[in-house]
Amino acid sequence: MAKAPASAGPKTGGIHAPVTPSAELAAIVGADRLPRSEVISKVWAYIKKHDLQNPANKREILADAALEKVFGKKSVTMFEMNKHIAAHVKA
């Protein structure tokens, strides 16, 4: 069986769907509509720039004041992070 050709157009669904960040999240990623994947990338860039990973456990993010507004607590695991970010975006 022949494989269907891949779409040449831009991806616009799922993680690629543009979302609007909340005011709290916009302080970190900007207020523009962005694909979910770009929001996550910008949050990770912020975490790395401000050295917010726990040196003893790189899976733990130690929130500064801006991230604490998004996460609702002082620390989260990288696996919990997406759940908290999802609460701060709307399609």
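A: One begins with secondary structure: helices are DSSP runs of at least four residues and strands are runs of at least two, numbered from the N terminus. The model shown is a predicted one. Its protein chain contains 4 helices and 6 strands.

Q: What share of the residues of the protein chain counts as buried?
A: A residue is called buried when its relative accessible area is under 20%, and exposed when that area is over 50%. The protein chain has 91 residues, and 31% of them count as buried. Its accessible surface is about 6,000 Å², with 57% of that belonging to carbon and sulfur atoms.

Q: What share of the contacts with a separation of 6 or more joins residues 24 or more positions apart?
A: In the protein chain, residues 24 or more positions apart account for 30% of those contacts.

Q: How do the axes of helix 2 and helix 4 cross?
A: Helix 2 covers residues 36–49 and helix 4 covers residues 78–86; their axes come within 12 Å and cross at roughly 125 degrees.

Q: Which residues meet where helix 2 and helix 4 are in contact?
A: From helix 2 come Val39, Ile40, Val43, Trp44 and Ile47, and they meet Met78, Met81, Asn82 and Ile85 of helix 4. By class, this contact has 8 nonpolar residues, 1 polar residue and no charged residues.

Q: Is leucine 25 buried or exposed?
A: Leucine 25 belongs to helix 1, residues 23–29. Leucine 25 counts as buried because its relative accessibility is 0%. Beyond four places in sequence, leucine 25 touches Gly30, Val39, Val43, Val70, Ile85, His88 and Val89. Leucine 25 and isoleucine 85 are 60 residues apart in sequence, yet their C-alpha atoms are 7.7 Å apart in space.

Q: Is lysine 69 buried or exposed?
A: Lysine 69 is located in helix 3, residues 65–71. Its relative accessible area is 59%, so lysine 69 is exposed. Leaving aside neighbours within four places in sequence, lysine 69 is in contact with Glu24 and His88. Between the C-alpha atoms of lysine 69 and alanine 27 the separation is 9.9 Å, and the two residues are 42 residues apart along the chain.

Q: Why does proline 35 count as partly exposed?
A: The partly exposed class lies between the cut-offs for buried and exposed. Proline 35 falls there because its relative accessibility is 30%. This residue is placed in strand 2, residues 34–35. With neighbours within four places left out, proline 35 is in contact with Ile15, His16, Ala17 and Pro18. From proline 35 to alanine 17 the C-alpha distance is 5.1 Å, across 18 residues in sequence.

Q: What is the value of phi at aspartate 51?
A: Most residues other than glycine have a negative phi. At aspartate 51, phi is near 50 degrees, a positive value in a residue other than glycine. Aspartate 51 lies in the loop between helix 2 and strand 3, the latter being 53–54.

Q: Is aspartate 51 buried or exposed?
A: Aspartate 51 counts as exposed because its relative accessibility is 63%.

Definitions and conventions
Residues are numbered from 1 along each chain as its sequence is written. This is a predicted model: local features need pLDDT of at least 70, side-chain atom pairs count only at pLDDT 80 or more; totals for chains, interfaces and linings use all residues. Side-chain values use heavy atoms; hydrogens and water are left out. Buried means under 20% relative accessible area, exposed over 50%, partly exposed in between (1.4 Å probe, protein chains only). Contact means heavy atoms within 4.5 Å. Accessible areas come from the Shrake-Rupley method with a 1.4 Å probe; for residues, only the protein chains shown count as cover. Axes are lines fitted to C-alpha atoms, for helices over the stretch in contact, and angles run from 0 to 180 degrees between N-to-C directions. Ala, Val, Leu, Ile, Met, Phe, Trp, Tyr, Cys and Pro count as nonpolar, Asp, Glu, Lys and Arg as charged, and the others, Gly among them, as polar.
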